[in-house]
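This briefing covers surface patches and salt bridges. Please look at the sequence and the model first.

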Amino acid sequence: MKGHPLTITLHPPEKWTKISTGLPASPSNPFVRLAQNYDELVDCPIEIGNQTILSFSVNGIPHEISIYGQGKFQADSITKKIKRIVETEVGIMRDIDYPRYVFLVQFQPSGGGGLEHRNSCVLQVDRWALQGKRLNGFLGLVAHEYFHNWNVKRLRPKALGPFDYDRENYTWLLWVAEGFTTYYGGQTMLRAKFRSAKAYMKGLASGAKYLAATPGNRIEPVDEASFDAWIKYYRRDENSVNTTISYYNKGAMIATLLDLIIRHQTKGTQSLDDLMRHLYQKYYKKLNRWYTEREFEQECEALAGLPLGDFFSRYVSGTDSIDYNRYFRLAGIELYKKGLSHEDSLKGYSGMAFASKNGNAVVRTVLAGSPAFRAGIYVNDEILAIDNFRVTVSNVKEYLQRKHPGERVRVLLNRRGLIRDISLKLGLQPDTHFAIRKIEKPTELQKKIYESYFETKWENPK
């Protein structure tokens, strides 16, 4: 019966008067909703209650913002800002393929996240996420989930629809589905003027820092991380940082590099936007199907006008360190190490992170190759004392950092009821503090790419 149309009749409590869902209503009764098939039904969350409902239109298409729960927000401001995100992303993809869209904002006591649907998205945030400086974080979540309207819900790898509901759906392309969406979430914030060019460059540097500081980046290719999402990304353990990489973060970085390659190869006349529009029009609109890994690579090569097999084998299917400045300099910028401050250079580094067990310090993670790793300290070891001084979770990190790189400390620990006395030689903190600056003598093409990419005028560095 999966392909048959469905009618859903809702019988809410008497005092619940509002329904928020992507399912269209029957013309005669708002409590009767219609679905073309089972796929549409399960892709449309239904919220019933007395939630706040805001609305706006873009290109004549109605959009609804449903806000549930206790939290502070300014209705007019939130409406205008979400509308600007929609307008910006519609401007990128140049198509709206739904008759109505619903943003389901749900205030939670803590935590949060988002989930995309074909004509709606769920945005869960804590009660203070729509206030002050934190508002931009919420808008970034909106930008990400809304861009999935094109990338994933329509333009998609084969496994991502129609779904096989009887088993997990595996794909090698989550680095595109999620990583490129992460990239366009950031680009939307830049283009909608919610983020400055300076802040955007800081974000690029943070992305490079994450990859450099994650040992798993040297172990797991990003396409493999995509395929292993079911068994690794969503089942993280104490060693995940050493063996896995996020396809969100690395996928977004690869999107950045491909965008700069395309802009350079086309002399600034085209960009990753053109690739996404072309893929959307060809595979979703014209062929009405998914795309494969090879088809995606071929489309990138066709637009860039050069072979990209080496790029994909090194950075997508391989674990080579990214040569950032080979690509960043195409836009007149470069990545550099800020270097450790004098204060940080004096702090001892162990490579451990700690959790609390009744106030005691228990090792939560040990980075591969770190001093603690080499000394043979394990996850779940309980640190009892350092140099015969009792330590707890509140002071163990501070105690270690008071020591200098190269110094040895005696670590007394409890390992499954057995007491161990381990000699730990502290190291220097890894120098993964990156920043981005403009190059000094850009070409006209570099300046052109910089200005179109960051949507700001080039000003010579002081």
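**Surface patches and salt bridges**

Tyr38 is partly exposed, at a relative accessible area of 33%; buried means under 20%, exposed over 50%, and partly exposed in between (1.4 Å probe, protein chains only). This is a predicted model, in which local features need pLDDT of at least 70 and side-chain atom pairs count only at pLDDT 80 or more, while totals for chains, interfaces and linings use all residues. Residues are numbered from 1 along each chain as its sequence is written, and side-chain values use heavy atoms, with hydrogens and water left out.

Patches
- Tyr38, Val42, Phe163 and Tyr165 form a nonpolar surface patch with about 330 Å² of accessible area together.
- Patch residues have over 30% relative accessible area and no salt bridge; like charges are joined within 9 Å, nonpolar side chains (Val, Leu, Ile, Met, Phe, Trp, Tyr) within 5 Å.
- Lys198, Lys202, Lys209 and Lys338 make up a positive surface patch.
- Lys198 is exposed, with a relative accessible area of 69%.

Salt bridges
- The structure holds 27 salt bridges (a side-chain nitrogen of Lys or Arg within 4 Å of a carboxyl oxygen of Asp or Glu).
- Lys232 and Asp228 pair at 3.5 Å, N to O; Lys232 is partly exposed at 29%, whereas Asp228 is buried at 12%.
- Lys282 bridges to Glu299, with the closest N and O atoms 2.8 Å apart.
- Lys282 is partly exposed at 30%, and Glu299 is buried at 9%.
- Arg415 forms a salt bridge with Asp381, the closest N and O atoms being 2.8 Å apart, and both residues are buried.

Conventions
Accessible areas come from the Shrake-Rupley method with a 1.4 Å probe; for residues, only the protein chains shown count as cover. Lys and Arg count as positive and Asp and Glu as negative; His and the chain ends are not counted. The place of a charge is taken as NZ of Lys, CZ of Arg, CG of Asp or CD of Glu.
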